[in-house]
Structure formats: C-alpha cells, structure tokens
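Here are some notes to read alongside the model. I hope they are handy when you open it on your side.

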Amino acid sequence: MALFLVALVALAGCGDDKKKKPEEQKVEATPKKELVSSGPVEKLTAPAGVIAFGGAKDLQAATKNLGGVFDPAMITEQVKGALALSKLELNKPMRFMLADPKKNPDGALVVGLELGGKSGGEAVLPKEKKADDEGNAYSYKDAGGKKIFVNFVEPYTVFTRTKDAFGQNKEFFTKVLGAEVKGGATVIVSVVNAQTVFKEEMDQAFDQMGKGPGAPGLAAGQLESMMGGVRDALKEVDTVSITLDPVDGGTTASIVATPKANSELQKSLAGLKAQPLSFLAKLPPKTTGAAVFAMKPEMGGLAEKIFAWSMRASLGIDDPKLVEASKEYWKASSGEMAYAFTEIPDTEGSKVTMIAGITDQEGAQKYQDTLMSMYDDKAFNDRMAEMGMTYKVKKNAYEVAGAKATVVEMKVDEKKNPAAAVLGGMKEQHTIIGKDLQVSAFGEDSKKIITAWLEGKVPGGFDKAPPVVRAMKNKAPGTFFIAWGDPAAIMASMMAAAQPEGAKGAGPQTPPPTADGMALSLGAADGKLHVVFDLPTSTLKVLAAGAGPGMMGPGGL
C-alpha cells in the first residue's frame, strides 16, 4: 500500500524540461464509448516496460481502519498537492500504472481518477490550463512550473507527467481502467519487468549489500549468502500483488507471489497444503507472541533449499551431511513446530521456548547429534571467534522423562560483538528430544521450562484467545504458518529475558497485551505463496502513538 501512495505522490516530482523528449504521439482526447470490463485486475499481464499497476475502489474507505498510520483526510491532501489540484475527493475509483522510468524521465506514473467523465474532470482542473497540448487533451502547471498532462477515458480523467506516457501505454492502461479491483486497493508488481528494467541496478545493489559491512553479529560471507538467496528466489517469481482490505476492527494486507510457470518454486508450492496448526492449542493462554508452523513436505526441492540456505545464512555452514541429516529429521518429526514468548509454570515472566512434534525419538536424536557435531568444526569455530563467540557443548547434561538434554553454552566477547549484549541471560540453550515432543529453551530457567513441557504441566488454550481467533479468521489461504504477537508486550518480554544472570526482576515486567496485537500468516494455494498481515486498528493506533505524531504528516510520504 505504501508503494501505491508513494507512486501517487511521485506525480509531484520534477523532471528536467531540457532532457530529450520522446517523439510526440497524438492521443485521442475523448473516447466516446464506455470502458469494456477487462476482468479482475490481477489477471492482467503487464506488457514489457510496465513495472506496476493497480487501483482502489475508494482510497478513503480502503484506509479508514489504519488507525493513524494512513489518515484518509491527509492522504487526500497529499494527492491534491501531488496533482496541484485544489478540488479533489478520493472516495471514487482510481487506477494507476507505473511505466519504465528510464523511458519516461519526467515521470513514469499514469493515474486515472473516476471524476464523472470529461465534464467532471474539467471541473477540478485549474483555470490556467492549455487545451490540446503536445497530443494531450489538456496540460497545466504545478507550483514549480512543471507540466501535468490530462486525458480522458470515460468516466476517468488521466494524469501524467510525461507527455507520451499515456499515449504509449494507452491500450494496456485502458484495460487497467476497466478491470475489477479486489479488496479496497490492489497493487500488482511485475517482478519480471522490474528485474529487466532495473537489472544493472539490482545486481549492483545485491552485490553491495552482500559485500558490505552488514549487521553486527554476521560473519564474513553470511550476509552475501543471504542476499544471494533472496536474489535466486526473485528469479523464480513472476508477479507480486498487494491488496489492502478493510475488515471488522482493522485491515488485512495480503501479498500473493505468483511464481513463473514450471519453475521449481511453482512445483514446490503446488505440493503444499493447508495444515491444522494444532500447536496453537498447546501454548499457554498467557502468551505474548508466538509463531506456529506445520508442514510435512518430503525433504527436497524448496524445503531442502530453505534448510541449506538457512544454515549458510545463520551459521555460515554449507555441509551436505547436515542437509542429509535434516531429511531424516523430517521423517522423524510430525512437521509441527512452535516458537513462543510465553509464561511457563514455576518461572517468572515470559520465556522463550520452542517445541516440535516428534514421531521417531531415535531418528530425531540422530539429527540432533549430527547438528551438535558442527561445534567440533574448526571452520565454524573460527568463524564464530571472529564475532567474539565461543561455545561449549554438554551432552547428556541431565534427564527428564527418560530423555537426555544437550546444553550449549555460549561466551561472548562484547568488545568484538557489542550487539550480543542483547542476549543477556540467554547465552545458553537446552534441547531435549522426548518421545512425542522436542523442547528447546534459553537461559537459566531452561531446565524448569523443559521439565514443565515434558511432564505435562504447561496449560494449553492459546488457540481460544480472542486475538488468535481473529487472526485465524483472517489467515492466508492454505495456511501452514501463523505468527501473532503484541509488539509492546514482546519488546518488554525480550528486554526482561535479556537481563544478565542474577538480575532477575530488575528490568521491565511483561505488561498485559495493550491491544489486539497483530498477525502474519503464510499459505500456499493454486501454486502461489500467500502472505496476510492482520492489522487491528487498536494496535495500529498504539504503534502510531509510539512513533510520534504525524506518521503520515506533511512530507511523510
């Protein structure tokens, strides 16, 4: 949605009038026939050079539940300023298209507003305008003296910055004008066209990001691996659509990534199915944040790529034996997993915990043993030492419910790695693989956490919490992952958990949820990846207030 709004305001951008202009193209100023329906906007295929397109049924209605993040009245003022118009309402349909900016240096954006046909469009234009200018029905100037060109496709009034931007793309943009917009507002980005137009720039950007200093705590080569993974994934994507839709008490922002036909990504997504996410019910009601995953793919294709990439990105390891071991782990697991900030019996405050379903305890333990072998790898330890981190592994450290725990203790040289200070008291990880459940916990209460899980002392019922019920109602099609959290409470939980050993109770206490939180869900349906952000208005208001006044104030776009 931000892309859509930024694109609109880009009309206010100034071009260089001295630049070489494309050859003038005459545009039929006032077509007589009405638009012909061209079907759903997401079904349109962008021609070469068109980067993005889309529109809104009613931009004011589409943004009404965004709780101060995007204020409808302020958006109207922003767009009026961008178009240099004093009279304009955005409570009617609008459409846009972003053409190749390299071929349209004065402005690549084409915007159509449903203003009641030519007469309605003429009524909002300034008095100082020029008719039949350079192949366009009208032109007028903004406050900086730059031209804005106007044409009509009944019932739309079309605005452009470049005199030929509409004429050169008229056939496709007319289809956009006649298309049906799903939800409140939709933007479709042609990833293929964007990568073609900006190939050189994107290659340079990914190269610079991969070889740059990166974030604190990343070893040399890790950031490069991460950027390479993102770049490879983009090569298999055809389009990405973003839809903003008002729902009861908030808004959903839905993203759909459509892979290229017959790509490995499409084949992998086609094999995924919706999962019940039963681990939501295992988590305690007093959970301030959680991520629940359920997938049982055969290890290979996308799953294998994700695992191998994550190992390279997070640990700098590219070891085939770990990938092979992970295949066995998939076979030994139920495919269900949950991470949570949650309250655990016999401990204080919220704790970080991970649980995973196990169907073959012995097989899962073999993977765990293989994973622990990486701590004996010299290259790995040298890499970690560069970041000021050393590790000590204790196998069979203790026993709970007939299962033996592995403890990994980490020491950090905060002079080499100041960012690691945020870990506080979470510098040790305990993992135990029980008959039905694998549990990992962090910090000095790890043994208590593991004991509570394996001895059945942790109460369930998180799935019945109203915010989670809401999140599940608005989840992505074919959901296999959902995350929910209250941002304020999670931050307080993390700060409390990161206190140094012995400082228990000295830091901020975990507050009750201040709002309905927010949720993210992932799913696969029809060979496409679906991502849905569920954004309750109450939470957005809290975030907007915390970010200070005027998130969308003057100049905020």
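1. Ground rules. This is a predicted model, in which local features need pLDDT of at least 70 and side-chain atom pairs count only at pLDDT 80 or more, while totals for chains, interfaces and linings use all residues. Residues are numbered from 1 along each chain as its sequence is written, and side-chain values use heavy atoms, with hydrogens and water left out.

2. The whole chain. The protein chain has 18 helices and 21 strands; these are DSSP runs numbered from the N terminus, with helices being H or I of at least four residues and strands E of at least two. Of its 557 residues, 50% are buried, where buried means under 20% relative accessible area, exposed over 50% and partly exposed in between (1.4 Å probe, protein chains only). Among contacts (heavy atoms within 4.5 Å) with a separation of 6 or more, 69% join residues 24 or more positions apart. The chain exposes about 26,000 Å², and 56% of that comes from carbon and sulfur atoms; the areas are from the Shrake-Rupley method with a 1.4 Å probe, and for residues only the protein chains shown count as cover.

3. Helix α3. This helix covers residues 72-83, and at 1.5 Å a residue its 12 residues should span 16 Å; the end C-alpha atoms are 17 Å apart, which agrees. The expected span here is 1.5 Å times one less than the number of residues. Its buried residues include P72, I75, V79 and L83, and also K80. Just after α3, A84 takes a positive phi of about 55 degrees.

4. K163. You will find K163 in the loop between β7 (156-160) and α5 (165-168). With 10% relative accessibility, K163 counts as buried. Its side chain makes a polar contact with the side chain of E134 at 3.5 Å. A polar contact is a pair of N or O atoms within 3.5 Å; within protein, one must be able to donate a hydrogen and the other to accept it, and residues adjacent in sequence count only if both atoms are side-chain atoms.

5. Y329. Helix α12 (residues 320-332) holds Y329, which counts as buried at 11% relative accessibility. Leaving aside neighbours within four places in sequence, Y329 is in contact with A356, I358, A364, Y367 and Q438. With Q438 there is also a polar contact between the side chains, at 2.7 Å.

6. Y138 and F152. The structure holds 9 aromatic pairs, meaning rings of Phe, Tyr and Trp (its six-membered ring) with centres within 6.5 Å; planes under 30 degrees apart count as stacked, over 60 as edge-to-face and the rest as tilted. Y138 and F152 form an edge-to-face pair, 6.2 Å centre to centre with 90 degrees between the planes. Y138 is in strand β5 (residues 136-141) and F152 in strand β6 (residues 147-153), 14 residues apart. Both Y138 and F152 are buried.

7. Y375 and Y391. The ring centres of Y375 and Y391 are 5.2 Å apart and their planes are at 55 degrees, so the pair is tilted. Y375 is buried at 16% relative accessible area, whereas Y391 is partly exposed at 26%. Together with F380, Y375 and Y391 form one aromatic cluster.

8. Charges over rings. K129 lies over the face of Y138, 5.9 Å from the ring centre, and K447 lies over the face of Y398 at 4.9 Å. The criterion is NZ of Lys or CZ of Arg within 6 Å of the ring centre and within 35 degrees of the ring normal.
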